[in-house]
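The following paragraphs guide the reader through selected strands and helices of the model shown below. Please keep the sequence and the structure in view while reading.

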Amino acid sequence: MQSVTLLGLGTMGAGMGERLLGAGFPLTVWNRSVERTRPLAAAGAGVADTPRAAAAGADVVVSMLADDAVSRDVWLGDDGALAGTRSGTLLIECSTVSPGWIRELGAAASERGCVLVDAPVTGSRTQAASGQLLFLAGGEAADIERANEVLMAMGRAVTHIGPAGSGAFVKLVNNFVCGVQVAAIAEAVALIEASGVDRDKALAVLLDGAPGSPLVKGVTARMLAQDYDVHFRVDLMGKDLSYAMEEGTRHHVVLVTAAAALQRFVEASRNGLGGRDIAAVVEPLRPGHPA
């Protein structure tokens with residue numbers, strides 16, 4: 001089997017690593033916090049001290065990182081992964097990043113003799129752990145075919161969107177729509193709670209009707225329970241909305257609803273909730289909150 005390196009063991013990466021090991025891939029991992037590597041090391045993964053060392057000798061290098069800046073540093077910074085690759089290595093960027101950064105990374109990979117597939121995912125912590133992620137792939141068909149064995153060990157399907165960067169673009173559109181839904185239901189929950197009407201009955205109308213998407217149902221349940229263990233962090237949703245708005249500007253489409261939703265996520269981050277689950281965006285809207 002192809003040897004695989006995985007860079008980044010956060011909310012999503014940890015589950016992805018477990019799936020790769022379970023499928024039998026020889027796996028090396030790197031994470032900025034060594035503590036997060038220990039469960040995978042105990043399960044048989046190798047652990048590298050730097051991204052460059054992690055990538056050395058790998059057939060496939062997968063990354064799942066926070067944003068453009070972190071991805072750029074891990075791939076191209078001091079002891080970056082790209083410097084450790086050999087010619088012909090397949091790079092798979094699964095992070096939710098901007099199409100512009102994907103194009104930049106693709107050019108750097110080509111100079112190194114490597115190929116890049118952008119393959120961000122839909123799904124969150126639960127889907128990563130259970131191998132039910134959907135990969136939105138951008139790149140050449142032959143490269144995506146080569147990536148398929150690794151990706152399918154971590155997910156339920158791979159959709160080839162188009163050329164490099166197109167997977168990243170569609171992921172931002174997906175998350176922009178999700179972010180708007182989360183902001184809207186947060187405002188609805190706060191409004192219902194402030195009104196004095198029976199909250200459970202009012203929300204049952206919403207959740208059993210047209211507004212009740214799977215995302216809205218799951219997030220609403222966490223809002224009511226005030227359960228903010230991370231499925232998807234508040235600050236990362238804010239980042240994705242910002243990236244989507246930049247793409248809107250580039251394509252001459254003003255994303256008014258994305259801008260409005262972003263205000264709610266920024267407000268939550270300012271209130272110390274940036275590292276909590278996106279359901280926590282409701283908290284600054286509740287009576288008695290410091291906001």
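In this predicted model, L136 stands opposite T159 in strand 9. The two residues belong to a parallel pairing in which strand 8 (residues 133-138) is joined to strand 9 (residues 155-162) by 6 bridges.

Attention now turns to strand 1 (residues 4-7), which is covered on both faces. V4 and L6 lie on one side, T5 and L7 lie on the other, and all four of these residues are buried. In general, the side chains of a regular strand alternate between the two faces of the sheet.

Strand 1 pairs in the parallel sense with strand 2 (residues 27-30) over 4 bridges, and L7 has W30 as its bridge partner there. The chain reaches strand 2 from strand 1 by way of helix 1 (residues 13-22), in a β-α-β crossover that is right-handed. Strand 1 also runs parallel to strand 4 (residues 60-63), to which 4 bridges join it.

Helix 4 (residues 68-76) packs against helix 5 (residues 99-112) at an angle of about 5°, and their axes are 11 Å apart. Helix 4 is therefore roughly parallel to helix 5, since angles under 35 degrees count as such. From helix 4, the residues D68, S71, R72, W75 and L76 meet W101, E104, L105 and A108 of helix 5. Sorted by class, this contact comprises 5 nonpolar, 1 polar and 3 charged residues.

Terms used:
Residues are numbered from 1 along each chain as its sequence is written. This is a predicted model: local features need pLDDT of at least 70, side-chain atom pairs count only at pLDDT 80 or more; totals for chains, interfaces and linings use all residues. Side-chain values use heavy atoms; hydrogens and water are left out. Two strands pair if DSSP finds at least two bridges between them. Axes are lines fitted to C-alpha atoms, for helices over the stretch in contact, and angles run from 0 to 180 degrees between N-to-C directions. Angles under 35 degrees count as roughly parallel, over 145 as roughly antiparallel, 65 to 115 as roughly perpendicular and the rest as oblique. Contact means heavy atoms within 4.5 Å. Ala, Val, Leu, Ile, Met, Phe, Trp, Tyr, Cys and Pro count as nonpolar, Asp, Glu, Lys and Arg as charged, and the others, Gly among them, as polar. Buried means under 20% relative accessible area, exposed over 50%, partly exposed in between (1.4 Å probe, protein chains only). A crossover is right-handed if, with the strands pointing away from the viewer, the path from the first strand over the helix to the second runs clockwise.
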